[in-house]
Amino acid sequence: MLETMLSIRITKGILKGTWAKQTTSGGPPTPRSQAGAAVANGLIFTGYGWGSSSYIPRDWWSYNIASHVWTSLSVNDQPWSRSCGQIVTTLGPNYTADDSIYFLAGNGNGTFEAYSITGFYHTKDTWTTLTSGPPARYFATMATIAGKIYLYGGQNNSGVGLIDFWVYDTSVGTWTQLTSGPPGGSLGAMAAVGNKLYYFGTAGDLWIYSTVSNTWQKIPIPTYGPSARYGQSVAAIGNLIYMFGGIVNGVASTELWAYDTVKNLWSLATNTGPQAGYSGALVTDGTKLYYLFGSSSAGPTSDVWCYTP
């Protein structure tokens, strides 16, 4: 029903939803961009990133979506400060069973860490370094399907773009390298819908990976859609993948677009939202979007915005 309703609300390429800046308490975390985030049981977990004056935070937070309260988490064996990393969870937004949130460290460090939600909800917060896998990188993209974490691209320590493609099976704790991905695998964005991954490149290109056939397919660029950009953020609700921000011709964009994966149709929001459109964290609780942090010419922020489709 949700997917049908969302499709109905798209009319002639215009999104009918609204942005609202959240009034928060507790914290907030210091302003930053390039921080990852993941949603579990009504909380947004986030941390690290790139702060003002090249400061790289080493912190870990939860944000309560219902109460708008930030909580600083004291974590055992927390990874060292890393920016340009990725944070994902294999849980659904409202799942409450014990599991982990996974953090791929950036800054070319490449360590793969698991944060125990068991610890968060019970007695002890813990981080665990997992089995080695892909080479070190930053600016990679990650998305999850059916308990598996897919990682694509990024840059190595020399700034060379990577196109290798990996999957981490959380049930057995092992990495497997898959068919190489599209060219230019750094600073794009990736989201999952059904059994497919959608990778939005920096040239305005869109690639789809099928987990069934283990193949990539390039999708023709529609006449109407977002211009080429990098550093954009994406999140999926139903059949729609929302894309916010990115750098367009040297300027941080404030556009919110939605891509309909069934109709191959782009739609643009008209409601004004966040101004810090570069390298923020875009997540969803299954019904709404939440955009955290981000940067613009004015510098990074600690803002939290909510978009209601």
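**F293 and its loop**

I started with F293, which sits in the loop between β29 (289-292) and β30 (295-296). This is a predicted model, so I keep that in mind for every entry here. Phi of F293 comes out positive, about 65°, even though the residue is not a glycine. Is F293 buried or exposed? F293 is buried, because its relative accessible area is 2%, against a cut-off of under 20%.

**N214, another positive phi**

Next I looked up N214, in the loop between β20 (206-210) and β21 (215-219). Its phi is near 55°, again a positive value in a residue other than glycine. N214 has 29% relative accessibility, so I put it down as partly exposed.

**The cis bond at P28**

I then checked the peptide bond from G27 to P28 and found it cis, with omega near -5°. P28 belongs to the loop between β3 and β4 (32-33).

I went to β3 itself, which covers residues 18-21 and has T18 in it. T18 is partly exposed, as its relative accessible area of 43% shows. What does T18 touch beyond its neighbours up to four places away in sequence? I get N271, C306, Y307 and T308. I also looked at T18 and P309: they are 291 residues apart in sequence, yet 6.7 Å apart in space, C-alpha to C-alpha.

Leaving out residues up to four places away in sequence, S33 touches G49, W50, Y278, S279, G294, S295 and P300. I noted the distance to I56 as well: the residues are 23 apart along the chain, and their C-alpha atoms are separated by 9.9 Å.

**S233 and its polar contact**

S233 is in strand β22, which runs over residues 233-237. A relative accessible area of 6% is why I list S233 as buried. Where does the side chain of S233 reach? The side chain of S233 reaches the backbone oxygen of G280, at 2.7 Å. G280 turns up again in the contact list of S233, along with Y242, M243, F244, A281, L282 and Y291, once neighbours within four places in sequence are set aside.

**The second largest pocket**

I moved on to open space. I gave the second largest pocket a volume of about 180 Å³. Its lining has 19 residues, and G204, D205, I221, P226 and W266 lie nearest the centre. How does the lining split by class? I have eleven nonpolar residues, six polar and two charged.

**The whole chain**

Last, I took the totals. The chain has two helices and 32 strands. Of its 309 residues, 53% are buried. For contacts with a separation of 6 or more, I find that 52% come from residues 24 or more positions apart. The chain exposes about 12,800 Å², and carbon and sulfur atoms supply 51% of that area.

Definitions and conventions:
Residues numbered from 1 in each chain as written. Predicted model: local features only at pLDDT ≥ 70, side-chain atom pairs only at ≥ 80, totals over all residues. Heavy atoms only, no water. Helix = DSSP H or I, 4+ residues; strand = E, 2+ residues; numbered from the N terminus. Buried < 20%, exposed > 50% of the residue type's maximum accessible area, 1.4 Å probe, protein only. Contact = heavy atoms within 4.5 Å. Areas by Shrake-Rupley, 256 points an atom, 1.4 Å probe, with all protein chains shown as cover. Polar contact = N/O pair within 3.5 Å; in protein donor to acceptor, adjacent residues only side chain to side chain. 1 Å grid on protein atoms, 1.4 Å probe; cavity = no way out; pocket = protein on both sides within 12 Å on 5 of 7 lines; lining within 4 Å. Points joined across faces, edges and corners; volume = space filled by probe spheres on them. Nonpolar A, V, L, I, M, F, W, Y, C, P; charged D, E, K, R; others polar.
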